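Please read this briefing alongside the sequence and the coordinates.

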Amino acid sequence: MSSFDLKNESEVKEYIEKLGVEYRFGCYSEKKPEVCHLLGDYLEGIRKDFEKAAKVYRSNCDDYNYGKSCLKYGNYSFLGKGRASDKGDPAKAYSYYEKGCTLNDPDACLHSGLLLVSKVMPKEITRDVPKGFELLKKSCEMNNSGACFYLSGMYISGVLKDEYSQAKKDAQTGEQTAAGHKSSIEPTRPPGAYVVERDMEKAFGFAYKACELRNMYACANLSQMYAKGDGTPRDEKKAEIYKKMALEMQDEVKKQQQLTFQQGLNPT
């Protein structure tokens with residue numbers, strides 16, 4: 001593509017038109033899945049035609065097994081975006097997330113895993129913590145920081161099987177009614193009561209990886225673990241290092257939120 005002066009409005013419009021033509025040719029004529037995905041992004045981000053974008057993402061997932069497009073169509077399905085009705089379809093979303101994960105898209109693994117482990121999941125989906133846990137592990141292995149952070153949290157608190165989780169809620173409700181406050185004493189539970197056993201060493205390992213992948217919440221947790229000696233020997237110096245890292249990341253996020261697309265196009 002020839003060079004364009006992006007400060008010239010008419011040339012920008014011409015550039016956008018030619019970009020769309022190139023993406024359509026690459027997708028429909030050359031049948032390149034990566035270009036089809038770019039076409040979907042073009043329709044979504046430039047044309048704001050969400051219905052056509054949804055069709056492109058779905059076709060690219062179904063016909064060409066392109067994982068990123070499976071993720072995008074899963075998002076559209078979950079939100080009800082690009083449809084005649086605004087009502088989402090969590091079950092369809094999950095099926096596309098799961099396919100995207102099978103095609104090794106780390107974000108698709110994260111989304112499918114979270115849907116299965118969530119306590120507030122849509123009624124259309126049956127909770128399956130063991131399967132969701134494995135999907136999150138796969139996502140983390142592909143360096144998704146959010147998945148690593150979530151796995152760390154699961155090991156910090158442990159995940160009870162549904163029957164024990166409900167019994168815990170019932171017991172706490174009874175304690176609050178009788179004493180006016182929640183008891184902090186955890187009852188003794190039999191072996192096998194947990195789907196994911198509490199394990200601070202594993203929690204530390206996943207938090208460490210998530211922090212290395214620049215997840216600021218994981219860095220904050222890592223600081224606390226070093227400060228308290230949870231899952232790792234106590235180390236106040238490292239606690240301060242990771243606290244500083246988390247605060248620096250927080251500042252970066254705040255600065256990024258202040259930037260706008262229009263400011264980025266302003267001439268210097």
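Helices (H or I, at least four residues) and strands (E, at least two) are taken as DSSP runs and numbered from the N terminus. This is a predicted model, in which local features need pLDDT of at least 70 and side-chain atom pairs count only at pLDDT 80 or more, while totals for chains, interfaces and linings use all residues. Residues are numbered from 1 along each chain as its sequence is written, and side-chain values use heavy atoms, with hydrogens and water left out.

**The chain as a whole**

- The protein chain contains 13 helices and two strands.
- Of its 268 residues, 35% count as buried, where buried means under 20% relative accessible area, exposed means over 50% and partly exposed lies in between (1.4 Å probe, protein chains only).
- With contact taken as heavy atoms within 4.5 Å, residues 24 or more positions apart account for 52% of the contacts in the protein chain that have a separation of 6 or more.
- The accessible surface of the protein chain comes to about 16,500 Å², and carbon and sulfur atoms hold 52% of that area; accessible areas come from the Shrake-Rupley method with a 1.4 Å probe, and for residues only the protein chains shown count as cover.

**Positive phi in two loops**

- Most residues other than glycine have a negative phi.
- Lysine 48, although not a glycine, has a positive phi of about 55°; lysine 48 is placed in the loop between α2 (33-45) and α3 (50-64), and it counts as exposed because its relative accessibility is 54%.
- Asparagine 65 is likewise a residue other than glycine with a positive phi, near 55°; asparagine 65 is found in the loop between α3 and α4 (67-79), and its relative accessibility of 41% is why it counts as partly exposed.

- The crossing of α1 and α2 is left-handed, a term used if the near helix is turned anticlockwise from the far one by less than a right angle, with right-handed used if clockwise.
- In this contact, residues of α1 including Ile16, Leu19, Tyr23 and Cys27 meet residues of α2, among them Val35, Leu38, Leu39 and Tyr42.
- The residues of the contact of α1 with α2 divide into eleven nonpolar, two polar and three charged, where Ala, Val, Leu, Ile, Met, Phe, Trp, Tyr, Cys and Pro count as nonpolar, Asp, Glu, Lys and Arg as charged, and the others, Gly among them, as polar.
- α2 and α4 pack at an angle of about 35° with their axes 10 Å apart, and their crossing is left-handed.
- His37, Asp41 and Glu44 of α2 meet Lys68, Ser69, Lys72 and Tyr76 of α4, and by class this contact has one nonpolar, two polar and four charged residues.
- Lysine 72, which lies in helix α4, counts as buried because its relative accessibility is 19%; leaving aside neighbours within four places in sequence, lysine 72 is in contact with His37, Asp41, Glu44 and Tyr57.

**Packing of α8 with α10**

- The axes of helix α8 (residues 145-157) and helix α10 (residues 200-212) come within 8 Å and cross at roughly 160°.
- α8 and α10 are therefore roughly antiparallel to each other, given that angles under 35 degrees count as roughly parallel, over 145 as roughly antiparallel, 65 to 115 as roughly perpendicular and the rest as oblique.
- The crossing of α8 and α10 is left-handed.
- Ser145, Cys148, Phe149, Leu151, Ser152, Tyr155 and Ile156 in α8 meet a set of α10 residues that includes Met200, Ala203, Phe206 and Ala207, and by class the contact has ten nonpolar, two polar and two charged residues.

**Two further buried residues**

- Methionine 200 belongs to helix α10 and is classed as buried because its relative accessibility is 14%.
- Methionine 200 and glycine 231 are 31 residues apart in sequence but 4.4 Å apart in space, C-alpha to C-alpha; leaving aside neighbours within four places in sequence, methionine 200 is in contact with Ile156, Met225, Asp230 and Gly231.
- Serine 112, in helix α6 (residues 106-117), is buried, with a relative accessible area of 0%; beyond neighbours within four places in sequence, serine 112 is in contact with Tyr94, Tyr97, Glu98, Cys101 and Leu135.

Terms used:
Axes are lines fitted to C-alpha atoms, for helices over the stretch in contact, and angles run from 0 to 180 degrees between N-to-C directions.
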